[in-house]
Amino acid sequence: MKKIAVMGTGYVGLVSGTCFAETGNQVVCCDIDETKITNLINGKIPIYEPGLEEVVKRNVKEERLTFTTDIPQAIRDAEIIYIGVGTPMAESGEADLTFVKNVAQTIGENLNGYKVIVNKSTVPVGTGRLVHGIVSSRSNGRAPFDVVSNPEFLREGSALYDTMNMERAVVGATSDHAADMIIELHKPFTETIVKTNLETAEMIKYASNVFLATKISYINDIANICERVGADVTKVAEGMGYDKRIGAQFLQAGIGYGGSCFPKDSKALVHIAEQVGYDFKLAKAVIETNDKQKLKVVSKLKSIFPSLKGKRIAVLGLAFKPNTDDMRDAPSLEIIPELVKHEADVEAFDPIANRAAKQFFGESITYSTDLYKTIENADACVILTDWKEIVEMDLDKVRRQLKMPILIDGRNCFDLKEAEKAGLIYHSIGRPV
Ligand code: UGA
């Protein structure tokens, strides 16, 4: 059992802290946001993540998990301090490290004995050294410490599962002793450990995310070519995926990747490369393909309707992917303003992201949590997120509800024959109409 303080109760901090408590450690999750901490103490989880609330509540009840805004005290009491604060993207594409630096200063000021300081936020290569420098100068040699980079690989929507069943843990440390402490902590999660130095661990995180983003942009480019040559990208992906060297995952063509990670990390890696004089052309192309891909559904609509003015468009799904209400870099943020600009009358359906979406679209569209009502009398239906209820919708009923039988599917949710049988004019990505 270790005493762990986790800085930041966002996705990374809250999920990691909860999982460390779940595996028997004493964990205190800290945040400067008092409302967030009060809510957490009262059992209110600030993010939508399936299963999280239950595990948080159980660990709070069993007194392994607490929440506080008293960061100095939490630091003094801890053996291991995890940094899981946000690293938003600055205008330049660079990660903004203000929160990480603030935490490092507070740790330095409150260092009262040997501690292992672990970075879990996605940070540019070199941040571990930076944290080391800040803690060192603020603590004036009062106590020894080590810095570890232990990047996070969880996905939103399956965060708990991904953490409890991680495929590997990456541990980059300034000493063997610190590395071994963090490796021990991960034993309940995985046997597969990559032990390395700080910089390599930091690079593994970016290299992994940008590789996955590259797979997506690659298959989206292939999809665009498939449309022109009459091929079916889903079959192309299936045929490719059986080759173990390629793998079947992340080859789903669609309207591009969104969320808080791939868009931010791909731009950050281009920036990191630029700073050391390297022109990362491949990553730049990945970003460009993704930016263009988001508007594919709009161009498909425009090829059907000479004018979108006054057309009732039912948009299904607003979040960047299913099982989250996260709207960060969601393709809908590009697509909906474009439809509104063309004076389409947009009614949107999302099971849980409507409230978050309203902050972006305001009153320019209407919102619904009733799937079939959203489609009723629409001139066309557009799928932006592959929510379970959307993938499982009854196409015959969809056809009956629509004014015109037009379904534009940005996520390739349906079989071509099935859509045809239902009498729909079905436009998807990278497949014949
Ligand atoms: C991603 C990574 O998958 C995690 O391993 C990583 O820890 C995380 O970023 C992070 O850096 O924190 P996440 O952003 O939650 O996780 O979401 P993904 O499930 O990876 O999906 C990202 C985007 O790619 C979504 O918009 C999704 O719709 C899109 N996608 C995914 C595709 O368009 N096609 C695919 O085949 C797969």
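Q: Why does Gly310 count as exposed?
A: A residue is exposed if 12 or fewer other C-beta atoms, placed from the backbone, lie within 10 Å of its own, buried if there are 20 or more, and partly exposed in between. Gly310 has 9 C-beta neighbours inside 10 Å and therefore counts as exposed. This is a predicted model, in which local features need pLDDT of at least 70 and side-chain atom pairs count only at pLDDT 80 or more, while totals for chains, interfaces and linings use all residues. Residues are numbered from 1 along each chain as its sequence is written.

Q: Where does Gly310 lie, and what does Gly310 touch?
A: Gly310 is part of the loop between α13 (296-304) and β9 (312-316); helices (H or I, at least four residues) and strands (E, at least two) are DSSP runs, numbered from the N terminus. Two residues are in contact if their C-beta atoms, placed from the backbone, lie within 7 Å. Not counting residues up to four places away in sequence, Gly310 touches Glu343 and Asp345. Glu343, which comes just after α14, takes a positive phi of about 65°.

Q: What makes the buried residues of α14 lie on the same side?
A: Ser332, Ile335, Ile336 and Leu339 are the buried residues of helix α14 (residues 332-341). They lie on the same side of α14 because they cover an arc of only 90° around the axis, the arc being that of the directions from the helix axis to the C-beta atoms. An α-helix has 3.6 residues a turn, so residues three or four places apart point the same way. The buried residues of α14 pack against α13, β9, β10 (345-349) and α15 (354-361).

Q: How do you know on which side of α8 the buried residues lie?
A: In helix α8 (residues 176-186), the buried residues are Ala178, Ala179, Ile182, Leu185 and His186. They cover an arc of only 120° around the axis, which puts them on the same side of α8. Asp176, His177 and Glu184 are exposed on the other side of α8. The partners of the buried residues of α8 are α1 (11-22), β5 (115-119), β6 (145-149), β7 (169-173) and β8 (193-196).

Q: Why does Phe153 count as partly exposed?
A: Phe153 has 15 C-beta neighbours inside 10 Å, and therefore counts as partly exposed. Phe153 is found in the loop between β6 and α7 (159-164). Not counting residues up to four places away in sequence, Phe153 touches Asp162, Met166 and Ser208. An unreviewed UniProt entry lists Phe153 under "binding site", along with residues including Glu156, Lys205, Gln252, Gly258 and Lys321. The listed residues are spread over 169 residues of sequence and, in space, up to 24.1 Å between C-alpha atoms. UniProt positions are given in the numbering used here, feature names are shortened, and annotations may be inferred rather than shown by experiment.

Q: What makes Gly258 buried?
A: Gly258 is buried because 24 other C-beta atoms lie within 10 Å. Gly258 is placed in the loop between α10 (233-241) and α11 (262-275). Leaving aside neighbours within four places in sequence, Gly258 is in contact with Pro263, Phe320, Asp329, Ala330 and Pro331.

Q: Which residues are closest to the ligand, and how many surround it?
A: The ligand is surrounded by 20 residues, the closest being Glu156, Gln252, Tyr257, Gly259 and Cys261; a residue is near a molecule or strand if its C-beta atom, placed from the backbone, lies within 6 Å of it. Helix α9 (residues 198-229) gives the most to this shell, with three residues. The shell draws at least three residues from each of domain 1 (3-196) and domain 2 (205-291), with domain bounds that come from an automatic or database domain assignment.

Q: Why is Asn377 called exposed?
A: Asn377 is exposed because 12 other C-beta atoms lie within 10 Å. Asn377 is found in the loop between α16 (371-375) and β12 (380-383), with phi near 65°, a positive value in a residue other than glycine.

Q: Why does Asn323 count as partly exposed?
A: Asn323 has 19 C-beta neighbours inside 10 Å and therefore counts as partly exposed. Asn323 lies in the loop between β9 and α14, and its phi is near 65°, a positive value in a residue other than glycine.
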